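This report concerns a single protein chain model.

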Amino acid sequence: MGIAQLNPVEIIDLLDRAEAMIPISRQRKTLPSLAGKTQINLFFENSTRTQASFEIAGKRLGATVMNMAVRTSSVAKGETLIDTAATLNAMQPDAIVVRHGSSGAVELLSQKVECAVLNAGDGAHEHPTQALLDALTIRRHKGRLNGLTVAICGDIANSRVARSNLILLGAMQARTRVIAPKSLLPRGVEQMASEVFTDMEKGLEGADVVMMLRLQNERASGKLIPSVREYYRFYGLDADKLARANADALVMHPGPMNRGVEIDPAIADGPQSVITEQVEMGVAVRMAVLDALLNKEEDK
């Protein structure tokens, strides 16, 4: 359901499992780990990276994977989430991967089914596998998470990615900074992050990792910023702002990117960017999570 449920030992275990999945994924091998098991991907929100990587992950572990087309299902006719859960549960799946626009919806669905449920993002609450793949990417480049300074910049208030990353990085003893205009900072953010900045240049000083976020217009009520041009001027990652971070700082983005809004295209495609690698690590992480969850009885 979320990173908040995991302790540091469990986080490290999942990262180690994912590390072992990378060569398998790169060689496009299929393991028999989930042979005979059925995985349903149930996405109430649009997704490219997360849905595709969960599908590939399940298939590379030998599972039968079904992507439910929500827009053409009974949901479009007014079926409730609970009724959808009951219908899918009757089909005896082994796992349901759920993305939903409302915080807590995945937890509610999990209470109505008898199989494993994986949170692929619920509202502005959490996106646990994104935080795990981000952590794996950082660890592969930096060799550790503890002691690093990670700056997360953008729409913090509406970002489930920011929340899950702050929880994970905090648990792993990294120093976290959030950078955003006051209108995009949630209440209580001081309890979640090590430092809070409204000045991006100051916030990037000495950062080991710079994680950019897009504006979550679909989850915001009202206008987030005065103008895109003004936002990019003060909070868009360009060469001048990136120069404030450490010379070997990683540039990250969970996608989809709004080039020219929160990030300069030259930076997104530059030598410090690991954005494409994040996508690759997503397959390995989701393989690890599916394998750990569905084979937990065999591990005992």
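## Basis of the model

The model is predicted: local features need pLDDT of at least 70, side-chain atom pairs count only at pLDDT 80 or more, and totals for chains, interfaces and linings use all residues. Residues are numbered from 1 along each chain as its sequence is written, and side-chain values use heavy atoms, with hydrogens and water left out.

Helices (H or I, at least four residues) and strands (E, at least two) are DSSP runs, numbered from the N terminus. Strand E1 spans residues 38-43, and five of its six residues are buried; buried means under 20% relative accessible area, exposed over 50%, and partly exposed in between, with a 1.4 Å probe and protein chains only.

Strands are said to pair if DSSP finds at least two bridges between them. E1 pairs in the parallel sense with strand E2 (residues 64-68) over five bridges, and Gln39 has Val65 of E2 as its bridge partner. Between E1 and E2 the chain passes through helix H2 (residues 49-60) in a right-handed β-α-β crossover; right-handed denotes a clockwise path from the first strand over the helix to the second, with the strands pointing away from the viewer. E1 also runs parallel to strand E3 (residues 95-100), to which five bridges join it; here Leu42 is bridged to Val98.

## Asn119 in strand E4

Asn119 belongs to strand E4 (residues 116-122) and is buried, at a relative accessible area of 4%. A polar atom of its side chain lies 2.7 Å from the backbone nitrogen of Gly121. The side chain of Asn119 also forms a polar contact of 3.0 Å with that of Asp122. A polar contact is a pair of N or O atoms within 3.5 Å; within protein, one must be able to donate a hydrogen and the other to accept it, and residues adjacent in sequence count only if both atoms are side-chain atoms.

Beyond residues up to four places away in sequence, Asn119 touches Met1, Val98, Val106, Glu126 and Pro128, where contact means heavy atoms within 4.5 Å.

Ser33 occupies the loop between helix H1 (8-26) and E1 and is partly exposed, with 23% relative accessibility. Its side chain and that of Asp291 are joined by a polar contact of 2.3 Å. Ser33 and Leu294 are separated by 261 residues in sequence, yet their C-alpha atoms are 9.0 Å apart.

## Annotated binding sites

In an unreviewed UniProt entry, one "binding site" annotation covers Arg49, Thr50, Arg99, His127, Gln130, Gly255 and Pro256. The lining of the second largest pocket includes Arg49, Thr50, Arg99, His127, Gln130, Gly255 and Pro256. UniProt positions are given in the numbering used here, feature names are shortened, and annotations may be inferred rather than shown by experiment. On a 1 Å grid over the protein atoms alone, a pocket is an open set of points where a 1.4 Å probe fits, with protein on both sides within 12 Å along at least five of seven lines; lining residues have an atom within 4 Å of a point.
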